[in-house]
Amino acid sequence: MKNLSVLFILSLLLLTSCYSFTGSSLREDMKTVKINTFPNNAANNLPSLSQDFTVALQNRFLQRTTLKGAVENPDLLIEGEISDYNITPTSIGSATTTTSGNTIQAQQNKLTISVKVHYENSKDPTLSFDRTYSDEAVFNSDLDLNTIETAQVKIVNDRIINKIFNDIVANW
């Protein structure tokens, strides 16, 4: 039993020396990040989308890495724009009869958000990129959009932010 305990402790030490449990593959000389406001340039938009997305992205980097916010000369610069915000029907239900004729009802709607990201890595410019990230959430059309829109936007924002974070920090 004592040998098993020693073997377990040695294995754990070996694993912790090989892997950072934060999942970050940032170089040690990367100390600062600047995340500029992502303006909402989508044709359709939610007024708070720009601020909500930008703050959530800033929080992700500042809370889950050792990076500090910078105003000038950051090691990492992240900026871009919200380029698409759209709610479209994804499945059609039965037609309902109205005084003006038949109206087709959507059973489900899909919220899609796309974000263009420009990333500059001053320590290793080969890692810099320009990419567009997009994600979606499907919801029942019988739900009141004003009631659920904020929650659906948060879900989509979180997914896009995960993708951006993983591409920059986790380097997966």
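Tutor: In this predicted model, the charged end of Arg131 is placed over the ring of Phe129, 3.8 Å from the ring's centre. Phe129 itself is buried, with a relative accessible area of 9%.

Now let's turn to ring-to-ring contacts. A pair of aromatic rings is described by the distance of the centres and the angle of the planes. The count here comes to 3 aromatic pairs. In one of them, the centres of the Phe61 and Phe165 rings are 5.1 Å apart and the planes stand at 65°, over the 60 degrees needed, so this pair is edge-to-face. Phe61 belongs to helix H2 and Phe165 to helix H3, so to speak of the chain, the pair links distant parts of it, 104 residues apart. Both Phe61 and Phe165 are buried.

Phe129 comes back in another pair, with Tyr119 as its partner. Their ring centres are 5.1 Å apart and their planes meet at 50°, so the pair is tilted. Tyr119 sits in strand E4 (residues 101–121) and Phe129 in strand E5 (residues 129–140), 10 residues apart. Tyr119 is buried too, with a relative accessible area of 2%.

Helices H2 and H3 also meet us at the second largest pocket, where each supplies at least two residues of the lining. H3 gives the largest share, 5 residues. Among the lining residues are Phe53, Ala56, Val153 and Lys154. By class, the lining has 4 nonpolar, 3 polar and 3 charged residues, and the space in this pocket is about 160 Å³.

Terms used: Residues are numbered from 1 along each chain as its sequence is written. This is a predicted model: local features need pLDDT of at least 70, side-chain atom pairs count only at pLDDT 80 or more; totals for chains, interfaces and linings use all residues. Side-chain values use heavy atoms; hydrogens and water are left out. On a 1 Å grid over the protein atoms alone, a cavity is a set of points where a 1.4 Å probe fits but cannot get out, and a pocket is an open set with protein on both sides within 12 Å along at least five of seven lines; lining residues have an atom within 4 Å of a point. Grid points are joined across faces, edges and corners, and a volume is the space filled by probe spheres set on the points. Helices (H or I, at least four residues) and strands (E, at least two) are DSSP runs, numbered from the N terminus. Ala, Val, Leu, Ile, Met, Phe, Trp, Tyr, Cys and Pro count as nonpolar, Asp, Glu, Lys and Arg as charged, and the others, Gly among them, as polar. Rings of Phe, Tyr and Trp (its six-membered ring) pair if their centres lie within 6.5 Å; planes under 30 degrees apart count as stacked, over 60 as edge-to-face and the rest as tilted. Buried means under 20% relative accessible area, exposed over 50%, partly exposed in between (1.4 Å probe, protein chains only). A charge sits over a ring if NZ of Lys or CZ of Arg is within 6 Å of the ring centre and within 35 degrees of the ring normal.
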